Each structure stands twice: as C-alpha cells, then as structure tokens.
Amino acid sequence: MAEGPKKGFELEATHIGVSDDGEINDSPIEEVKLTVPITDDPTLAALTFRTWVLGFITCATLAFVNQFFGYRQNYLNLTTITAQILVLPAGRLMAKYLPTNKWKVPFFNFSLTLNPGPFNIKEHVLITIFATSGANGVYAVGILTIVKVFYHKEMHVVAAFLLAQTTQLLGYGWAGLFRKYLVDSAYMWWPTTLINVSLFRALHEKERRPKGGNTRLQFFFMIFVASFAYYIVPGYFFPTISFISIVCHIWKNSVTAHQIGSGVYGLGVGSFGLDWSTVAGYLGTPLATPAFALLNILAGVVLIVYIILPIAYWSNWYDAKMFPIVTSHTFDYTGQEYNISRVLDDETFTLDEAGYNNYSKLHLSVFFAFSYGLSFATLAATLSHVALFHGLEIWDLWKKTRSDEKARDVHTRIMKKNYKQVPQWWFHIILISLICLSIFTCEGFGGQLQLPWWGLLMACAIAFLFTLPVGIIQATTNQQPGLNVITELIIGYIYPGKPLANVAFKTYGYISMTQALTFLQDFKLGAYMKIPPVSMFMAQARLAGTIVSSGVHFGTAWWLLTSIEHICDPEKLPDGSPWTCPGDDVFYHASIIWGVIGPAKMFTKQGLYPEINWFFLIGLLAPFPGYLLTRKYPDNKWITLIHMPLILGATAYMPPARSVHYICWLSVGLVFNVFVYRRFKSWWARNNYVMSAALDAGLAFSAVLIYFALTGKDIYVQWWGLNQDDFCNLARCPTAPGMNMTVGKVQCPVF
C-alpha cells in the first residue's frame, strides 16, 4: 500500500552548493535552509493502513467537532496541531500491537500489511494533511443554515450536499495548473509550512524525560485532563463565567455604563471570561500568534473599538444612537429590526421593489457599517503593503521561477527524481467534471440557488485569475487577500435582489481560490517532508479527505438544524443553551445587505453609506507612511514591525466575535508570547504549542460529552448562572431621544 521510490535512487548528498548541472543543492531561502533537512529516506512507507485509518478518523473527528462548535455561542476551531499531536501515540500503539503479516495481492506485484514497521514521520505528515480537510470549515454550510433557519425555507438535501462538495473540490482542478510556479519553484517557500516541519521534527526526535520534568506527551495529557475536567464548569454548571462584565454589575441601571462595560454587547471595558473557549473562540489560539502580530492587532483594536467607535457613536454618525452600539443586525428607519418579509417576494425569493420602496432603506449600526469599510481598507492595504515592502522581492522571485528551469532546490529535485509525479490530466478531469457538477448544482433542483450557469463560470474565472497572484503573495509573505467582499460586491451589482445567488457566487469565487491555495501549500509541505506526490493527491487532494470532511460537516449541520428546537434563535432558546449561531447570524444579515438589497442601494447615493467606499483609498494609502519611515530609519526595528493590514483588519472577526473575546485573546497571547517567551524561552519552546493543542482538545471532548450525556437530553441545573450572557442587556438599547423599545425581556429607558 505504500508507494516506493523509483529504481536507481541514490540518497542526495548533504553538502551545500551547486551541482555540476547548475542546480541548487540546498534552498536559496535562508529560513528553509535552517529548518528543512536536505535528505530523504525513501524506504519509509507513507500511504499505509495506519495512514488511512488514522487519517479518516482524525479528518471525520475534526470535521464533526468544528461543525458542532460552529453553531455555539463560543465557537471553537480545532486545528491540525491537535491531530498532529494526538496521532503520534495512536500511531505508535498501532505499530506495537497490529499484526505484521503480509498478504500478496493476486495479479499485482505488491503485498499488503497492517503493520509495515515503526510508525514513521511520513505517515504522520500524511495523516496530518488528511486531517487538514476536516479542520478547515465548509463555507457552503452557512448557506444551508440561513435558508433553513433564518429565511425559513426548505432546501433540497441533495442540492445542499452537492453544494458543500463542489465548493470544496472545485479549486483543486486548476491548482494543478500552477504547481510549476507555486510548488516546484524553490522561491515559493510558503512560510507557515516551516512551523509544521519544525513540530514534526520535534515530535519525532528521540526525547529523554528531563529530571524532575515530563516529556511532551506527558505534559500534553496533563493539560488535556485538566482542560477536560474544568470545562464542565463553564460548559454546563456555570456558563455565566464565560462572560463577566464588572462595570454592568456596579452600574446596573445605566445604559451608558452597560455600553462601555459589556463584553458581549459593548466595548468590554473591565470584562473577561474564565473559559478557554472565550479565549480561543473565533480568533483561534493566541499561543500560536507571533508577538509582533499581537501588538499590531492590539493597536488596531484600541484604534477601532476604543477611539473611532466611541467618537462615531456618541457623535451620532449615521444615526448611530438609534441602534445598539455593537450589533450585526439590520434595521429600518424606526430603529426596529428590518422586516425582511416586507421586501422579499415569498414565491420568487427575490427583492420586491414595490415593497422596498414602500417600507424603508436598510440601516446598519455604525460599527457594522465600519466593519465593511474596514474590510475594503484591509484588502486594499494588503495589496499596497505587499507591493511596497515585498514587491521587488516577489518580482525577482517570479522572474527566477519563470526564466531559470534549473532554479529548483534539493527538495524539489528529490521529489522529481525519486517519486512518480501526479499526471496533469488528473487535474484536468477534476476541473471539467467539477465545473459540470457545479453547473448542475446551481441550475438543477428548480434553480434553488438562483445562480445561473454564467454566474458560476464568472465565479470560477475570478477565483482562477486570482489564484496565481494571491498564491505568489501567500507563498512569499504569508498573507492571503480574501475575495469574500469583492465577490459579493461584484455579483451584488450585476445580479441584485437574489440573496442565494449572492452567497453562492461568493462561496464559489472565494472558497475555490482558498481551497486551491490550501492544496498547493500542503503539496509544498509534502515536498519538504518528501511525501510521494501520488500519495499526497489521493489523501490530501480531497479525493478522500475533502469528500469525507465535506460529508461530515454537511451531515453534522443537517442533524443539528433538524434536531435542536429553535436553534439560532436566542429569544426562544432555553436559558443556558449555547446554540445561538453568532457566525451564521452575521452571514444571514450579510446576505440581506449584499443579496436582497444589494450594494447599489447601500453604498451609492441611492443608499445611506456611500462614504464607506472611501475606505478603499484609505487602505491603499495607509502603508505609505510606515514604508517611508522604514526607508528613513531602516535600523529602527519598531517601525519595521508596523503592519497596516493587520491594524486595519484587527477587528475582522467582530462580529460575530465580541470585545471580550479580543480582550481575553490578546491578554493570554501577550502573556505567553511576550513575557513567557522572553523570561522562560526554553519552557516556551518545549511546551507552548503542546499546551495550546491540549487545551483545545480537552475542551472539545468535554463539550461533546456534555451534549450527548446532558444538554442534548435537556438535563439542566436551573439557576441564574445558566445564563450564557453578561447581564448587560441595557447595552443593546438605543439612546436616541424618544425611542421606546423592548430588547429581549428588558424594557429600555426612554431618553
């Protein structure tokens, strides 16, 4: 079952230099040279029985857990690092106890075995790449959720399943066309892959237990057990400690105090949470975020949340006082939530122009309006930042990639020389078949998705055209400009009034490119770790992994949406229920803004927010001051660390993330990646990532057990601590004069 090397292979020499035919005998990139070994052991089996079993289990488990948490108040995303660490003891146990017998396959010149020997690093890498499919979410599931729960429509189960599969698989077809430039080239080095390489090497190096200490695996299981046990408190007995807002408890009847102090509905001054899911929810683990990124994000949060937002709100920009200070909901001219049924034709599921003209323009909270402006600015700033700081470098690397066929480093040369390559026609078949299946998904089933064939082809064209330039940026600078806002903006102008066409176009255009780049990045990791390409294709190219993960994500979502009563409706859910779907709530209101109403009625003179378009220019110009300062003061390291795309995009996850999530995330990240890193560097290097994975894994397993054993059977301990809230409901009240409103069960004071 394992693919072996070609005959005549000779192990690459380990000296550094240039071979007789002019090829580089190591990587031209210093970081790669210091991290990735330049030797290969071709006798190690990669695609084994253990690989398939553990690959399927980890892929399905991560897909289930991440989708399960996707609907909860505190979202948690298990990363592949968790699988990377958990797989190691499992693989070693299988190597110890599985039979080593070999069975010859009739008519074929190879044999099968359940246990080819010690669990090796190549199996470990391939299983982790397999698990990546499960760790990555399925964006299309959000479409299913908003149709069933928010629009209260039915969606054909086959159409929903095909949508989940095709959006995840489509990008792999054209990713193969760019392998030469983005994988084979030594100059496209994909910085984040080096983290994985380092962790693999650390896990497989022989480790002796330090005197009075623990091995990495022992430390992992200690933290895992502690995390598992502790989460029973915030996850079941006392959910209120997930969000604690001190200011609201001191000034219980003050709307302004609640707006300032609420970590869920306001600015979060003085708020915190005693729950790891509050720390790692939405933003991921802070322990894996570099200090310079944390500091830039801290600067962005202070600038946006604590300077710009208060000025905008209390100056009443865009009638801000008529609406809650922080919300992703949409409103009409009276301050009530926008009644979508008045402007949406129930039969055609499209905008009713007469109903819209007789009702109201769409209003947003000032923060939500700025969040779209900041997304415009972040995209523009990323492009100009990369052009200014890395433009010449990228252009030079691109010229070398195109003009010098011999500019392949030792890693690419080993892969070309010793392993069978994936034929190009495999990718062509995937591309043609997936485009046809995608058109059938969009046009079939009564046209439920509203996206015509030409819209699907346009989305594919946008994703295809951006894959190479964005891939070059990501492969050299570790930044990926997203296409989510641009795609919904384009289709919103071309094909307005159709919410499902908008989100389907965005998903096919945005996710196809993202999946293509994920495929190429993992192929680069495979090249660094010397994984046979055909094995990579079969396990990583989602002919196995993506099909499994998409199916599990879809099945989990369908099960939860059809089994949990009032899911995604906080007003009707029982106290303590975590199924509030904050991410899908944002996705739904975005479909109203860009799909039902359309950008022409929002961000032009027809709407209320034409000034938001200036954020494109603001973002484009934002990196210039920092660039000029670095040119003038090149030795000042603080200036060189200023990163405007990170600053402008600091609050990109807010909403659905809340201020308390950012406060906790930044606090923990700065403690470990600044203070602990500097004072206890050896401990940090040994345990930091292991602790992060253990905290995530312990919480996830505990939450799943709590659901199946208790909350899924409606077993609750009834008391006030079940309220997964911070008791700051007055923060949701408007402060404009004369407005008499009830928010939830709270009567707002009239100003």
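This note goes through helix packing, aromatic pairs, loop residues and backbone geometry in a predicted model.

1. Basis. The model is predicted, so local features need pLDDT of at least 70 and side-chain atom pairs count only at pLDDT 80 or more, while totals for chains, interfaces and linings use all residues. Residues are numbered from 1 along each chain as its sequence is written, and side-chain values use heavy atoms, with hydrogens and water left out.

2. Helix 4 against helix 23. Helix 4 (residues 121-135) and helix 23 (residues 545-563) have axes that come within 8 Å and cross at roughly 30°. Helix 4 is therefore roughly parallel to helix 23. Angles under 35 degrees count as roughly parallel, over 145 as roughly antiparallel, 65 to 115 as roughly perpendicular and the rest as oblique. The axes are lines fitted to C-alpha atoms, for helices over the stretch in contact, with angles from 0 to 180 degrees between N-to-C directions. Helices here are DSSP runs (H or I, at least four residues), numbered from the N terminus.

3. Handedness and contact of that pair. Helix 4 passes helix 23 in a right-handed crossing; right-handed means that the near helix is turned clockwise from the far one by less than a right angle, left-handed anticlockwise. On the helix 4 side the contact involves Phe130, Ser133 and Gly134, and on the helix 23 side Gly545, Thr546, Ser549 and His553. Contact means heavy atoms within 4.5 Å. By class, this contact has 1 nonpolar, 6 polar and no charged residues. In this scheme Ala, Val, Leu, Ile, Met, Phe, Trp, Tyr, Cys and Pro are nonpolar, Asp, Glu, Lys and Arg are charged, and the others, Gly among them, are polar.

4. Helix 2 against helix 3. The axes of helix 2 (residues 49-70) and helix 3 (residues 80-97) come within 11 Å and cross at roughly 145°. This crossing is right-handed. Helix 2 contributes Phe49, Arg50, Val53, Leu54, Thr58 and Leu62, and these meet Ala83, Val87, Ala90, Gly91, Met94 and Ala95 of helix 3. The contact residues divide into 9 nonpolar, 2 polar and 1 charged.

5. Aromatic pairs. The structure holds 53 aromatic pairs. Rings of Phe, Tyr and Trp (its six-membered ring) pair if their centres lie within 6.5 Å; planes under 30 degrees apart count as stacked, over 60 as edge-to-face and the rest as tilted. Phenylalanine 376 and phenylalanine 616 form a stacked pair, at 4.5 Å centre to centre with 10° between the planes. The pair links distant parts of the chain, 240 residues apart: phenylalanine 376 is in helix 16 (residues 366-403) and phenylalanine 616 in helix 25 (residues 614-621). Phenylalanine 376 is buried at 1% relative accessibility, whereas phenylalanine 616 is partly exposed at 26%. Buried means under 20% relative accessible area, exposed over 50% and partly exposed in between (1.4 Å probe, protein chains only). Elsewhere, one aromatic cluster is formed by Phe64, Phe68, Phe69, Trp559, Trp579, Tyr707 and Phe708.

6. The loop between helix 23 and helix 24. Threonine 580 lies in this loop, helix 24 being 582-597, and is buried at 13% relative accessibility. Not counting residues up to four places away in sequence, threonine 580 touches Tyr71, Arg72, Gln73, Cys568, Pro570 and Leu573. Cysteine 581 is in the loop between helix 23 and helix 24 as well. Its phi is near 55°, a positive value in a residue other than glycine, and cysteine 581 is buried with a relative accessible area of 0%.

7. Another positive phi. Phenylalanine 445 is not a glycine but has a positive phi of about 55°. Phenylalanine 445 sits in the loop between helix 18 (424-443) and helix 19 (453-477) and is partly exposed, at 24% relative accessible area.

8. Cis peptide bonds. Methionine 654 and proline 655 are joined by a cis peptide bond with omega about -15°. A cis bond also joins proline 655 and proline 656, with omega about 15°.

9. Arginine 216, in helix 9 (residues 216-230), is buried at 18% relative accessible area. Arginine 216 and asparagine 687 are 471 residues apart in sequence but 6.9 Å apart in space, C-alpha to C-alpha. Lysine 601, in the loop between helix 24 and helix 25, is buried at 15% relative accessibility. Leaving aside neighbours within four places in sequence, lysine 601 is in contact with Leu351, Glu353, Tyr356, Gln606 and Gly607.

Methods: Helices (H or I, at least four residues) and strands (E, at least two) are DSSP runs, numbered from the N terminus.
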